[in-house]
Structures are given as structure tokens and as C-alpha cells.
Amino acid sequence: MSESTDAAAGGRRGGRTVSKSTPDEVMELACGLPLTRSVLRSVVAGATPGQLGVLADLFRAENASRTESRRARLIRNAGFPCVKGFDGYDWGMASFPADWGREQLMDLGFVDRAEDLVLYGDVGCGKTHMAIATGMLACERGMPVRFFTASSLVMRLRRARDENRLDAELRAIGRARLLVVDELGYLPIDIDGARLLFQVIADSYEKRSVVFTTNLEFGRWGEVFGDGDMAAAVIDRIVHHGRIVRFRGESYRNSHSLMK
């Protein structure tokens with residue numbers, strides 16, 4: 001069997017399988033690679049089926065490598081405290097809205113629509129796990145994510161302001177498509193820090209999704225921001241384009257009337 005016949009049949013060459021490809025497929029695979037299109041088009045036009053298969057395999061492997069490198073870089077830059085996914089996750093503690101559930105969470109359509117998500121419940125119910133797993137999933141799909149606890153975000157913003165680089169820090173955070181603010185309400189924030197946190201949330205409105213985890217019902221968010229009007233403005237933005245997932249576990253206290 002000749003080289004061209006063998007390759008065209010999807011046979012083996014040099015101990016490996018060569019795929020059968022078309023010029024259009026090779027050009028499509030090379031779309032995201034830094035190649036001179038006119039030169040590639042000329043080469044593809046004159047290539048044998050076997051040569052097209054080699055090129056397609058090369059570009060397919062290069063695209064896969066770049067996708068994996070980008071995924072790893074996004075996860076590294078997100079700042080997750082640990083690696084968590086949805087495999088083995090206990091969904092029984094989460095109570096979703098009637099018109100929105102597990103499928104809608106995992107398809108990440110809410111991120112595309114810049115909608116917010118509040119994960120609400122007591123400690124140990126799986127809120128942070130869900131927030132991290134959602135962020136990891138977004139990274140795997142090529143979306144920039146940033147993860148902070150509320151207190152660490154405030155400290156980061158305060159330090160940036162003191163060093164006269166607050167605008168640059170806000171721009172860096174603003175490049176994320178999904179922002180996770182973990183443990184809102186777990187530690188007190190002074191009014192100065194609350195204003196900085198409010199600035200991030202206000203800047204994110206209708207531009208990127210924010211996932212909050214909190215143990216406080218909306219009626220107590222004024223304690224976090226130290227100002228009822230500021231808290232009301234944040235809540236208004238969340239309610240406009242957002243949903244609440246309630247977590248009920250052994251430690252859940254059934255006294256949060258505003259989020260029932």
C-alpha cells in the first residue's frame with residue numbers, strides 16, 4: 001500500500017495512527033495558532049491526504065496543550081484556597097429556587113448573563129465547596145475567576161489604596177468574569193473597608209457575576225457594611241440579577257426570616 005493510500009485510509013505510519021482530514025478541517029484547527037494564513041492555505045492546498053492528517057494531528061495536539069495550559073493558569077490565578085469539584089458533592093444540603101437548580105448552576109449561563117448568586121446558610125453546610133467548585137468549572141471553560149474571602153479582599157483593597165494603586169487593583173479584579181466573595185459576615189468590617197468592598201460590588205453590577213457565601217440573612221447585611229443604605233444598595237443589585245441558594249444542615253438555625 002502506498003503512503004497516500006495508507007494515510008487516506010486512516011492507517012498507521014511510523015508506529016502511529018494518522019487521521020484522515022480535509023483542507024477545511026486543517027485550516028479550522030489552525031485558526032487559533034500564530035500561523036501565516038496565506039502560507040498555510042497554500043501548503044494545505046497542495047498537501048496529500050496523509051500530510052493533511054499529520055497537520056491536523058499536530059494542530060489538534062497543540063490546541064489541546066494550549067487549552068490545558070490556559071485552564072491551569074486560570075485556576076492558579078483565581079486564588080482558590082484549595083481544589084474542589086462537584087464529584088461526590090453532597091447536593092442534599094442545598095435548596096435551589098423553584099425555577100433554577102443544579103443544571104443551571106453547572107451550565108454557567110448565569111455567568112454569561114452577569115447574574116449574582118448568594119449561597120446562604122450556617123458553617124459546614126457546603127457553601128464554600130460549591131463556590132470553589134463553580135469557580136473551578138468556570139476556569140475549565142476558559143473564564144477568568146477571582147476568589148477572596150470578604151476580609152482578605154478588604155485588606156487587599158485597603159493596601160492598594162494606601163500604596164496609591166487602587167485603580168490598578170480594581171482593574172485587575174474587574175478582568176474576572178466571575179468573582180467569589182467568601183465568608184461575608186463572618187468577620188467584622190469597618191466602615192472604611194465596607195466602602196471599598198461596596199465599590200467592587202457596584203463596579204461588578206451587570207458586568208460580571210459575583211458569588212457570595214454568607215451566614216447572614218439580608219436583614220443583617222447592614223452589620224457587615226456598617227450602613228443600612230449601603231447594604232440596601234448591594235441587596236438591590238443582587239435581587240435584580242441574582243438568586244439565593246439556601247443551605248440546611250445540622251448546624252442550620254431556622255430563624256432567618258428574610259431568606260425563607
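This is a short tour of the model, one selection at a time.

**Before you start.** The model is predicted, so local features need pLDDT of at least 70 and side-chain atom pairs count only at pLDDT 80 or more, while totals for chains, interfaces and linings use all residues. Numbering runs from 1 along each chain as its sequence is written, and side-chain values use heavy atoms, with hydrogens and water left out.

**Whole protein.** Show the cartoon: there are twelve helices and eight strands. Helices (H or I, at least four residues) and strands (E, at least two) are DSSP runs, numbered from the N terminus. Of the 260 residues, 43% are buried, where buried means under 20% relative accessible area, exposed over 50%, and partly exposed in between (1.4 Å probe, protein chains only).

**The sheet.** Next, colour the six strands of the open sheet, which run in the order β3-β8-β4-β7-β6-β5 with mixed pairing. Two strands pair if DSSP finds at least two bridges between them. At the edges you will find β3 (94–95) and β5 (145–149), each pairing on one side only. Zoom in on β3: its pairing with β8 (residues 242–247) is antiparallel, over two bridges, and Ser95 has Arg246 as its bridge partner in β8.

**Strand β7.** Select residues 209–214. Six of the six residues are buried, so β7 is largely enclosed by the rest of the structure. In a regular strand the side chains alternate between the two faces of the sheet. Here Ser209, Val211 and Thr213 lie on one side and Val210, Phe212 and Thr214 on the other, all of them buried.

Now bring in the partners. β4 (residues 116–120) pairs with β7 in the parallel sense over four bridges, and Leu119 stands opposite Thr213. β6 (residues 178–184) is also parallel to β7, over five bridges, with Val181 opposite Phe212. Follow the chain from β6 through helix α10 (residues 191–204) to β7: this β-α-β crossover is right-handed, meaning that, with the strands pointing away from the viewer, the path from the first strand over the helix to the second runs clockwise.

**The cores.** Which residues have the most contacts inside the largest nonpolar core? Select Val118, Leu153, Leu157, Leu197, Phe212, Trp221 and Phe225, out of 33 core residues. A nonpolar core is a set of buried Ala, Val, Leu, Ile, Met, Phe, Trp, Tyr and Cys residues joined through side-chain atoms within 4.5 Å. Among the elements that each supply at least two residues are β4, α8 (150–162), α10 and β7. Centre on Phe225: beyond its neighbours within four places in sequence, its contacts (heavy atoms within 4.5 Å) include Ile191, Leu197, Phe198 and Met230. A second, separate core has 32 residues, including Ala78, Trp91, Leu105 and Ala138.

**Helix α7.** Finish with residues 127–140, the helix that holds Thr134. Thr134 is buried, with a relative accessible area of 2%; leaving aside neighbours within four places, Thr134 is in contact with Phe86, Leu105, Leu108, Phe110 and Leu178. Ala138 is in helix α7 too, and is buried at 0%. Not counting residues up to four places away, Ala138 touches Leu108, Met143, Val145 and Leu178.
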